[in-house]
Amino acid sequence: MRLVVQVKLLPTPEQAAALEGTVRAANAAADLVSRIAFRQRCFRAYDLRRHTYQQIKADFGLAAQAAQHVIKKVCDAYRTLHASLAAGRLGKPGSARRVKAAGKPISFRPLAAQPYDDRCLSWDHDRRTVSIWTVAGRMKDLAFTGSLEQLTLLAAHRRGESDLVCRDGMWFLHATVEVPDVPTAAPEGFLGVDLGIANIATTSDGVRHSGKALAAVRHRNRELRRRLQAKNTKSAKRLLKRRRRKEARFAANLNHVIAKQLVTEAERTGRGIALEDLQGIRERVRLRMPQRVRLHSWSFHQLGAFIGYKAARAGVAVIYVDPAHTSQQCSRCGQVDKHNRPDQETFACTSCGFAEHADVNAARNIAARGEAGWAVSHAA
């Protein structure tokens with residue numbers, strides 16, 4: 001299983017300047033390669049090298065391997081764009097968004113991440129330093145730090161490339177590690193998890209993880225951004241820049257905590273985890289304007305991804321089920337009726353009279369569908 005480990009670099013001012021110069025040169029070269037690729041409709045790395053390799057080495061002072069990575073980065077960006085166009089994620093053919101995305105070359109931020117392989121970057125885990133190529137020459141003894149778990153994973157399982165990342169004036173290396181797969185245990189039932197906005201996650205055991213704290217943080221940040229943008233002063237812009245990722249970090253931390261609790265409970269009880277397949281829900285759901293903000297800030301995909309990789313590391317089975325009518329179906333008698341759910345919190349079956357919190361009832365339906373789906377997929 002592949003994971004990404006983040007370590008923080010501790011450069012001196014001279015080393016930080018060399019790193020910044022390298023990243024800026026690489027992304028300026030990537031912009032040039034992107035324009036050439038777009039103009040000549042050439043998106044294969046082998047063909048694009050013939051048009052750009054020597055030029056970007058000479059114009060931007062890139063070493064051979066760094067130039068190769070720049071070309072590959074451009075090709076990967078266009079491959080992602082074309083896949084998004086083919087899947088319809090950028091709108092229907094002829095839509096303004098699709099035309100805008102496909103009608104101009106891809107551009108790269110001046111401080112966008114730059115990939116490194118073992119020819120350009122070497123690690124000394126005992127001294128916690130790296131030796132890294134820059135446009136100012138090979139830079140040795142660049143210190144790094146991280147948590148004990150991150151450093152242990154990095155020393156034992158690092159494989160492949162690492163990305164040099166600049167974020168808010170700090171420098172990081174994102175390294176790929178490959179940890180051994182843990183055999184998935186045969187589940188003795190499933191823990192159903194209903195993902196929502198009012199309650200971020202509700203389990204079939206009746207445990208609810210409320211979204212009130214996250215909603216309050218998002219509301220407070222929206223109001224603060226509105227006031228600061230209205231001021232439009234330099235100090236307001238500085239504060240906006242400092243706070244721009246704070247909400248995302250808060251939400252990610254909350255999702256990590258919830259995912260860990262769910263996986264721990266499933267592992268303790270020997271069960272798997274059943275989740276709804278919510279892919280494309282934003283395109284399917286139609287809401288009033290005040291509710292759209294909450295829907296589009298709903299980080300269900302991130303929570304699902306966190307549950308997925310934590311479960312894989314623990315050997316817990318995860319299955320995705322059809323979410324249709326899980327909130328309208330009675331978990332006791334199976335009757336489906338939109339009148340079974342008179343409001344957001346209440347479920348009252350019009351057939352058998354069963355009453356329960358609506359999210360708990362939905363989670364029980366998800367658990368039942370998980371058991372059925374697992375039985376079908378593992379019947380052999």
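Begin by selecting Thr350: beyond residues up to four places away in sequence, Thr350 touches Gln335, Asp337, His339 and Asn340, a contact being heavy atoms within 4.5 Å. The model is predicted, so local features need pLDDT of at least 70 and side-chain atom pairs count only at pLDDT 80 or more, whereas totals for chains, interfaces and linings use all residues. Residues are numbered from 1 along each chain as its sequence is written, and side-chain values use heavy atoms, with hydrogens and water left out.

Stay with Thr350, which lies in the loop between strand 13 (346-348) and strand 14 (355-357); strands (E, at least two residues) and helices (H or I, at least four residues) are DSSP runs, numbered from the N terminus. Thr350 is partly exposed, because its relative accessible area is 47%; partly exposed lies between buried (under 20%) and exposed (over 50%), with a 1.4 Å probe and protein chains only.

Next, select Ala248 together with Thr350: their C-alpha atoms are separated by 41 Å, and the two residues are 102 apart along the chain.

Finally, display the whole protein chain. Twelve helices and 14 strands make up its secondary-structure elements, and the C-alpha trace spans about 75 × 50 × 45 Å along its principal axes. Of its 380 residues, 39% count as buried. Among contacts between residues at least 6 apart in sequence, 63% join residues at least 24 apart.
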